[in-house]
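Here are a few notes to read alongside the structure. Take them one at a time and look up each residue as you go.

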Amino acid sequence: MQRWRRQLPNGTCKLLRLALTGALALSTLAGVASCGSDAPTTELLRDDLSVTTYSSRIEGGLSERITFDIPYGVESFLIEVRGDKGLYYLTELIAPNGRDVIEGAKYTTRGAREVPGLVDWLYPNSPDLFAEEGQYTLTVRGINAFTGNNLSEDIKVLIYTPEEKPADTCGIRIDFLVDDAALGAETFAAAVERIYEKVDLNFRQIGIKVENYQTYRVNMQSSDINLGDGSAVSIVDDVLDKTLPIGAARDNAVHVMLVRRIGGSDNPTFDPAGYSMGLPGPYAPDRDTSAVMVSTELYSDGSGSLDADGLASSLTHEIGHFLGLYHTSERNGSDHDPISDTPECESEFTCTDEFRRNIMTSSFWLQGGPPSFRNRFTEAQGKVMRGHPLCKPMSVNVVAPPIEECTLECTAPNTCAVINARMSCELACDPGATAPCETGECLSDDLGTYVCTPT
Ligand SMILES: [Zn+2]
C-alpha cells in the first residue's frame, strides 16, 4: 500500500485513478491528510467510454490542484465540475509536457455557459492541441453564483475519456422534445423528419451522422423560453424530469427542445433562433444543461408552413456549440474560435461568403440573409466535435457539402449546371420558349439555371 503514497508539493492532491479496491483506496487516502477527499471511482459508460469521478474542494475561491491520468488511446476528454452554487473557471490545466494550456489562451474555455453548480469543458477544442497520454493537473476557481463572492464548497470533478475513434467517424442520436405550442399536432412529424434529414446531411460532411432520432410532444407550460433569468434551466430540468424516466429523452443523445420562441427577459431585442445550454454540453443526460433549444416562430410564415432548412441550419449550429464549437467570430469582431481552418470576419462589410456559409457563424453576421445559407463545417471543426463523448464510434458515409457555384468552363450553347450535386456542361434553354429542347425537358438545375435535362 505504501507504493500509493507519494510526496507531493504543497497544495497538490494526488487522486488515484482506476482499479483500486475500496479497502485499499480508503486506507491509502487516509494517509494523505491534506486531500480530505474520497477515492476516485471509475465507471464504464460504453465499450469505448469511461468516466472517473474525483472529489475535491474549493476553499476561498480556489480548488486544490487535481491530478488525473489520461491513458493511451484517448484523443479528447470532457471535464465536468459539479458542486452546489458555484460558477467555475478553469485557471490552470497542465499537460503531461508540463505546459499550462490555459496560458497564452491556447485552450479556450470562455462562455462555457455555466449554470450554478455545473460546467463542462471539452479538451482539446483546437487542432493545435492534442490530448496526449499522461498526467494532467487542473485548478478550478469558483465564485458564488448568487453573491459573486469567493466560494468554499465541495466539488466533484468528472473526467470523461472516450477512446480514439478507429475510423475517425461517429454518430449522435437526437431526441426531439416538441412543445405543444411550437409545431401543430398534424404537421410536426413531417417537419421533424425534414429537419433531421438536413441536420444529418450537414454533419455528414465531416464524418458525423445522426444515427437515429425520436420525437416526443411535451407540454412545457411555458411556450416562450426566457434566457437570463434562470427559467430556461428550470424548464430544461422539468422537461428532462418528465421525459428521461419514460425514455423520451435518452442517454447518449442530444436533447433538442423545439419551442415557440426564445427570448431574453432583460433584453427584448435578444431574440435568438436557438440556444445551447452548454458550450460544450454535458455527456450525462440528466444535467440542467443537457439540451439545446430552437425557436419555431422565426421559421414559420404564419400560415403553418415551416422553413425546415433554416431551422435545421440553426439546429446544426446549436448542436455544434453543444459538441464544443465556438462561433467563427463573435459579434465584437475580435473574439474568434480557437480553430485555424475556419474563416473569420472583423466587420460586417468585409465578411466573405465562405465566412457566412460556415455553420458556426453567428446569425448576427448574416445581415438578414437566410440562415440556411450556412451549410459548411471545416475539417478541424469536425475533429473537435468528434472528440465529444456523445459522438459514438460508428462508420459514416461522408457526403460532400452542396455545390453553391458552378465552376466548369463550358462552351455556348452549353452552360455549367449542377444536377444532383454534380457539375456538368449542359445545353442551356429558355423555359418560356415554345420548344426549348430538341430532346429532354427544360428544367432548372440545383442552382436555378435552366438546361435541357433528359427525362
Ligand atoms: Zn451560436
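1. A definition to begin with: angles under 35 degrees count as roughly parallel, over 145 as roughly antiparallel, 65 to 115 as roughly perpendicular, and the rest as oblique. Please keep in mind that this is a predicted model.

2. Helix α2 (residues 188-204) packs with helix α4 (residues 308-322) at an angle of about 50 degrees, and their axes are 8 Å apart. The pair is therefore oblique. The crossing of α2 and α4 is right-handed. On the α2 side the contact includes A191, R194 and I195, while α4 contributes residues including A308, D309 and L311. The residues of this contact divide into 8 nonpolar, 2 polar and 3 charged.

3. Next, have a look at the loop between β10 (153-162) and β11 (170-179), where K165 is placed. K165 is partly exposed, because 18 other C-beta atoms lie within 10 Å. Leaving aside neighbours within four places in sequence, K165 is in contact with C170, R386 and P393. The C-alpha atoms of K165 and G73 are 9.1 Å from each other, with the two residues 92 apart along the chain.

4. D168 is also found in the loop between β10 and β11. D168 has a positive phi of about 60 degrees, although it is not a glycine. N252, in the loop between α3 (231-243) and β14 (254-259), is another residue other than glycine with a positive phi, near 55 degrees.

5. Which residues does a cis peptide bond join, with omega of about -5 degrees? They are Y123 and P124. The peptide bond from A412 to P413 is cis too, with omega near 10 degrees.

Terms used
Residues are numbered from 1 along each chain as its sequence is written. This is a predicted model: local features need pLDDT of at least 70, side-chain atom pairs count only at pLDDT 80 or more; totals for chains, interfaces and linings use all residues. Helices (H or I, at least four residues) and strands (E, at least two) are DSSP runs, numbered from the N terminus. A residue is buried if 20 or more other C-beta atoms lie within 10 Å of its own, exposed if 12 or fewer, and partly exposed in between; C-beta atoms are placed from the backbone. Two residues are in contact if their C-beta atoms, placed from the backbone, lie within 7 Å. Axes are lines fitted to C-alpha atoms, for helices over the stretch in contact, and angles run from 0 to 180 degrees between N-to-C directions. A crossing is left-handed if the near helix is turned anticlockwise from the far one by less than a right angle, and right-handed if clockwise. Ala, Val, Leu, Ile, Met, Phe, Trp, Tyr, Cys and Pro count as nonpolar, Asp, Glu, Lys and Arg as charged, and the others, Gly among them, as polar.
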